[in-house]
Amino acid sequence: MTDKPLFILGITCFGQHDSSVALIKDGNVVVMSEEERWSRKKFDNSFPEQSIKFCLNYAGININDIDHVGFFWKPWKGILSRIYWALKGTFKSIKNIEDN
């Protein structure tokens with residue numbers, strides 16, 4: 001039996017406001033990082049490559065030491081707001097067409 005620690009990399013990106021990464025070792029958070037701290041782009045929601053590198057370096061491990069990756073994604077998050085703005089824009093466009 002090995003005493004190798006269990007590493008989990010948690011990632012959120014692509015439309016969930018800010019991209020970020022958390023590195024968990026044996027159930028405890030080791031380090032977290034938001035991509036905007038590295039890219040210098042406010043509300044950066046791109047893939048958090050620089051944050052991943054930072055977290056791995058901080059823990060002194062490489063990507064091959066990661067046992068699991070979790071990806072946060074809630075496609076329904078903010079759906080009511082998106083529907084509202086889509087409908088508002090549609091009705092406004094129809095009204096503009098009718099007025100012309």
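1. A search of the whole structure finds two aromatic pairs, where rings of Phe, Tyr and Trp (its six-membered ring) pair if their centres lie within 6.5 Å, with planes under 30 degrees apart counted as stacked, over 60 as edge-to-face and the rest as tilted. Trp-38 and Phe-54 form a tilted pair, at 5.0 Å centre to centre and 40° between the planes. This pair links distant parts of the chain, since Trp-38 is in helix H1 and Phe-54 in helix H2, 16 residues apart; helices are DSSP runs (H or I, at least four residues), numbered from the N terminus.

2. The model is predicted: local features need pLDDT of at least 70 and side-chain atom pairs count only at pLDDT 80 or more, while totals for chains, interfaces and linings use all residues. Residues are numbered from 1 along each chain as its sequence is written, and side-chain values use heavy atoms, with hydrogens and water left out.

3. Phe-54 is partly exposed because its relative accessible area is 28% (buried means under 20%, exposed over 50%, partly exposed in between, with a 1.4 Å probe and protein chains only). Phe-54 also forms a tilted pair with Tyr-58, at 6.0 Å centre to centre and 40° between the planes. These two residues are four apart in helix H2, and so are separated by about one helical turn.
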